Amino acid sequence: MRKKFLLATSLVLSGTIILSGCSKDEPTTKQEKNQEITFMIPDWGVPPQNMLAEFEKETGIKVNVETVSWDDMRNKIAIAASGNKAAADVFEVDWSWIGEFEKAKWLEPIELSQEDINDIPSISTFIVNGQVLAVPYANDFRIGYYNKVIYEQVGLDEPQTWNDVMADMEILKEKNILKYPYTFPLNANEATTTSFIWLTYLRDGKVFNEDGTLNKENALTTLNFVNDMLKKELINPANLTLNGLDSYRQILSKDAAFMIGPTSFIARAVDPTQSKAIGEIEVILPPGKDGKTTQTMALTEAVGVSSLSENKEAAKEFVKWYTSQDTQRAFFKEISAIPTRTSVLNAVIDAGEIKNPGAMKETSVLVKSPFPNGVPAYYAEMSSSIYNAINSMASGNITPEEAVNQIDVKIKELLKN
């Protein structure tokens with residue numbers, strides 16, 4: 001599956017941030033003997049060399065970075081593990097891989113304080129059977145966006161519920177303000193699966209039942225909503241073939257007035273090289289069923305320690321440094337990674353280092369996992385079933401009821417296996 005959009009591409013920063021080798025809350029002691037570890041990460045997560053040098057100076061641990069594309073990462077880890085070797089001592093762990101990696105026993109548990117766990121809401125996805133298997137380093141939770149200027153043209157206020165969203169889109173269409181005022185990914189790819197999951201989760205709370213089966217009632221409500229939007233021509237039919245990022249960009253081009261999307265669009269919305277709606281887009285707490293939502297989901301990237309590593313203690317020390325408060329603050333400045341720690345996110349917002357953050361604070365603490373038993377090991381197969389069924393429905397080939405039944409049957413089949 002393709003990389004989700006977790007990083008802000010051009011965060012507007014102000015002030016000075018001092019780089020620090022190790023967290024104040026996670027002091028390290030220099031190793032008695034110098035050690036080396038390998039770190040496999042996509043290019044967006046590579047720490048600046050001066051930070052790695054400072055980490056080595058303070059701990060005696062040299063970090064050799066191997067930059068690997070997100071698309072190749074999982075295969076490299078799996079191939080190495082099949083030969084009983086670690087692809088790297090520390091490596092990238094996508095939120096959607098955690099079930100598969102846990103089942104294969106590829107990750108070494110990491111001990112964190114309860115204070116640290118409480119500071120990283122999205123870590124819940126990476127806790128399995130009470131053990132932390134990876135630690136999130138860059139945030140990407142679903143948040144709401146609407147064009148206030150367009151809304152005000154017809155006297156509309158910020159939407160509170162999904163019924164409000166539907167009604168608002170109909171008014172914008174009827175008044176000839178926008179041809180397709182709502183944007184939602186519909187292509188046969190991962191963005192459509194995650195959009196289906198978050199829409200169901202934001203509104204009805206339960207996507208999957210406690211036994212792992214699909215909550216068909218809530219899933220059908222979501223697909224009927226999307227299908228109604230399509231029938232009323234409120235969603236651009238081009239979204240059936242556009243990738244998720246291009247679908248989301250319709251809010252920037254002012255071709256759409258409302259969406260739920262990645263946190264990276266907070267920065268994109270105020271970047272004149274990307275947005276035609278500078279100063280117009282409000283960042284809001286997403287709507288829910290009867291009022292504002294009480295939960296959201298994150299598509300977070302994390303780092304974990306290989307269970308096959310020969311340098312586990314040094315690797316764990318590096319992970320704690322890499323995800324510490326001081327390092328996250330520095331990463332925000334250096335590599336534009338939105339902090340996963342609530343304390344750091346609040347600090348950069350309070351310091352004015354994120355332009356137009358809107359409801360970022362309020363939404364970030366609502367991050368929870370929509371999977372009651374954790375992300376399943378069969379997630380990739382399930383995702384394929386979901387996005388293909390939705391794309392087929394959006395193309396007019398099957399009904400919402402048929403789409404839900406297809407997804408339900410596939411998930412039950414995967415559960416049996």
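# Briefing: helices, a sheet and selected residues

In helix α7, Phe196, Leu199, Thr200, Arg203 and Asp204 meet Asn218, Ala219, Thr221, Thr222, Leu223, Phe225 and Val226 of α8. Contact here means heavy atoms within 4.5 Å. Helices (H or I, at least four residues) and strands (E, at least two) are DSSP runs, numbered from the N terminus.

This is a predicted model, in which local features need pLDDT of at least 70 and side-chain atom pairs count only at pLDDT 80 or more, while totals for chains, interfaces and linings use all residues. Residues are numbered from 1 along each chain as its sequence is written, and side-chain values use heavy atoms, with hydrogens and water left out.

**Helix α7 and its crossing with α8**

- The axes of α7 and α8 come within 9 Å and cross at roughly 110°. Axes are lines fitted to C-alpha atoms, for helices over the stretch in contact, and angles run from 0 to 180 degrees between N-to-C directions.
- α7 and α8 are therefore roughly perpendicular to each other. The classes are: under 35 degrees roughly parallel, over 145 roughly antiparallel, 65 to 115 roughly perpendicular, and the rest oblique.
- The α7 and α8 crossing is right-handed. A crossing is right-handed if the near helix is turned clockwise from the far one by less than a right angle, and left-handed if anticlockwise.
- Helix α7 covers residues 190–204, and at 1.5 Å a residue its 15 residues should span 21 Å. Its end C-alpha atoms are 21 Å apart, which agrees. The expected span is 1.5 Å times one less than the number of residues.
- Of the 15 residues in α7, 14 are buried, so the helix is mostly covered. Buried means under 20% relative accessible area, exposed over 50%, and partly exposed in between (1.4 Å probe, protein chains only).

- Helix α8 (residues 216–231) packs against helix α16 (residues 400–416) at an angle of about 140°, with the axes 9 Å apart. That makes α8 oblique to α16.
- α8 passes α16 in a right-handed crossing.
- On the α8 side, Lys216, Ala219, Leu220, Leu223, Asn224 and Asn227 take part. They meet Pro400, Glu401, Ala403, Val404, Asn405 and Asp408 in α16.
- Helix α12 (residues 325–334) and helix α13 (residues 342–350) pack at about 40°, their axes 9 Å apart. That makes α12 oblique to α13.
- The α12 contact residues are Gln325, Gln328, Arg329 and Phe332. Those of α13 are Ser343, Val344, Ala347 and Val348.
- α12 passes α13 in a right-handed crossing.

**A three-stranded sheet**

- Three strands form an open, antiparallel sheet in the order β9-β8-β10. Two strands pair if DSSP finds at least two bridges between them.
- β9 (258–261) and β10 (281–284) stand at the edges. Each has a single partner strand, so one side of each is left without a neighbour in the sheet.
- From one strand to the next, the twist averages 25°.
- Strand β8 (residues 143–147) pairs with β10 over four bridges, in the antiparallel sense. Gly144 has Ile284 of β10 as its bridge partner.

- Most residues other than glycine have a negative phi.
- Lys105 is not a glycine, yet its phi is positive, near 60°. Lys105 sits in the loop between α3 (98–103) and β4 (107–108). With a relative accessible area of 55%, Lys105 is exposed.
- Asn176 also has a positive phi, of about 60°, although it is not a glycine. The loop between α6 (162–174) and α7 holds Asn176. At 69% relative accessibility, Asn176 counts as exposed.

- Asp89 is found in the loop between α2 (70–82) and β3 (90–94). At 7% relative accessibility, Asp89 counts as buried.
- Not counting residues up to four places away in sequence, Asp89 touches residues including Glu36, Ile37, Thr38, Gly304 and Asn311.
- The C-alpha atoms of Asp89 and Glu108 are separated by 10 Å, and the two are 19 residues apart along the chain.
- Gln35 is in strand β1 (residues 35–41). It is partly exposed, with a relative accessible area of 23%.
- Gln35 touches Gly60, Ile61, Lys62, Asn311 and Ala314, not counting residues up to four places away in sequence.
- Gln35 and Ala104 are 69 residues apart in sequence and 27 Å apart in space, C-alpha to C-alpha.
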